[in-house]
Amino acid sequence: MPIDTDLPFLPVRIAILTISDSRTPADDRSGDTLVERLETAGHILADRAIGRDDVAAIVARLERWIDDPQVDCVITTGGTGVTGRDVTPEAFDRVCEKRIEGFGELFRWLSYRTIGTSTIQSRATAGVARGTYLFALPGSTGACRDGWDGILATQLDSRHRPCNFVELMPRLKER
């Protein structure tokens, strides 16, 4: 898909949330992967945090960022599997006003090329809440690379054609 270099690049202010009961800033490789990629692309790291696998805690963090005018987009990593502690999609269900169904579908399609049928264990998801984009990726660095490189790098680039998420941002709060 083409990038129209005649158009201006508009940086997106992105917050990164690693959802894990065990990761720390010293070993959060998935969060590091996303930060490196977004900054290399020219976007702005608006905030970064690590939170535990707890629906209420995830919702509280998402709500703070959704209400922060300095955050355009939140990308989470972790908690999208099928175990008892994996609750990120349930937290997204509590805050999303609109789902972006194709995100999870496309993520699993891309991931299939890397990990085969194991991709079916991912509940990657996305949506919009009060004008803020929300994307939930699995916790592995490979999944973060697949999600960013295969979807978010272009959809968060205002020059991507034929369309992208950035050009829709001014209209996300329309009624």
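Val95 belongs to helix H3 (residues 88–95); helices (H or I, at least four residues) and strands (E, at least two) are DSSP runs, numbered from the N terminus. The structure is a predicted model, in which local features need pLDDT of at least 70 and side-chain atom pairs count only at pLDDT 80 or more, while totals for chains, interfaces and linings use all residues. Residues are numbered from 1 along each chain as its sequence is written, and side-chain values use heavy atoms, with hydrogens and water left out.

**Val95 and its surroundings**

- Val95 has a relative accessibility of 5% and therefore counts as buried; the term buried means under 20% relative accessible area, exposed means over 50%, and partly exposed lies in between (1.4 Å probe, protein chains only).
- Leaving aside residues up to four places away in sequence, Val95 touches Val59, Leu62, Glu63, Ile66, Ala129 and Leu134, where contact means heavy atoms within 4.5 Å.
- Between Val95 and Glu63 there are 32 residues of separation in sequence, and their C-alpha atoms are 7.4 Å apart in space.

**Helix H4**

- Helix H4 (residues 101–115) has 15 residues, which at 1.5 Å a residue should span 21 Å, and its end C-alpha atoms agree with this because they are 21 Å apart; the expected span of a helix is 1.5 Å times one less than its number of residues.
- Phe103, Gly104, Phe107, Leu110 and Ser111 are the buried residues of H4. They cover an arc of only 135° around the axis, so they are on the same side of H4; the arc is that of the directions from the helix axis to the C-beta atoms.
- The other side of H4 carries the exposed residues Glu101, Glu105, Trp109 and Arg113.
- Strand S5 (125–129), strand S6 (132–137) and helix H5 (141–155) are the elements against which the buried residues of H4 pack.
- Gly116 follows H4 and has a positive phi, near 65°.
- Thr119 is found in the loop between H4 and S5, and with a relative accessible area of 7% Thr119 is buried.
- Apart from residues up to four places away in sequence, Thr119 touches Arg108, Ser111 and Tyr112.

**Aromatic pairs**

- A pair of aromatic rings is described by the distance of the centres and the angle of the planes.
- Four aromatic pairs are found in a search of the whole structure; rings of Phe, Tyr and Trp (its six-membered ring) pair if their centres lie within 6.5 Å, and planes under 30 degrees apart count as stacked, over 60 as edge-to-face and the rest as tilted.
- One of these pairs is formed by Phe103 and Phe135, which are tilted, with 5.2 Å centre to centre and 50° between the planes. Phe103 lies in helix H4 and Phe135 in strand S6, so the pair ties together parts that are 32 residues apart in sequence.
- Both Phe103 and Phe135 are buried. Tyr133 and Phe135 form a stacked pair, at 5.9 Å centre to centre and 20° between the planes.
- The relative accessible area is 2% for Tyr133, which is buried, and 0% for Phe135.
- Phe103, Tyr133, Phe135 and Phe165 are linked into a cluster by ring pairs.

**Charges over rings**

- The charged end of Arg113 sits over the ring of Trp109, 5.4 Å from its centre; a charge sits over a ring if NZ of Lys or CZ of Arg is within 6 Å of the ring centre and within 35 degrees of the ring normal.
- Arg61 lies over the face of Trp65, at 5.3 Å from the ring centre.

**Backbone features**

- Most residues other than glycine have a negative phi, and most peptide bonds are trans.
- Arg130 is not a glycine, yet it has a positive phi of about 45°.
- Arg130 is located in the loop between S5 and S6, and its relative accessibility of 31% makes it partly exposed.
- The peptide bond from Arg161 to Pro162 is cis, with omega near 20°, and Pro162 is placed in the segment after H5.

**Cysteines**

- A disulfide is a covalent bond between the sulfur atoms of two cysteines.
- The count of disulfides is zero under the rule that a disulfide is a pair of cysteine sulfur atoms within 2.5 Å.
- The closest cysteine sulfur to that of Cys73 is in Cys96, 12 Å away, which is too far for a bond.
- Cys144 is also in no disulfide, as the nearest cysteine sulfur, that of Cys73, is 13 Å away.
- Cys73 is buried, with a relative accessible area of 0%, and Cys144 counts as buried at 0% relative accessibility.
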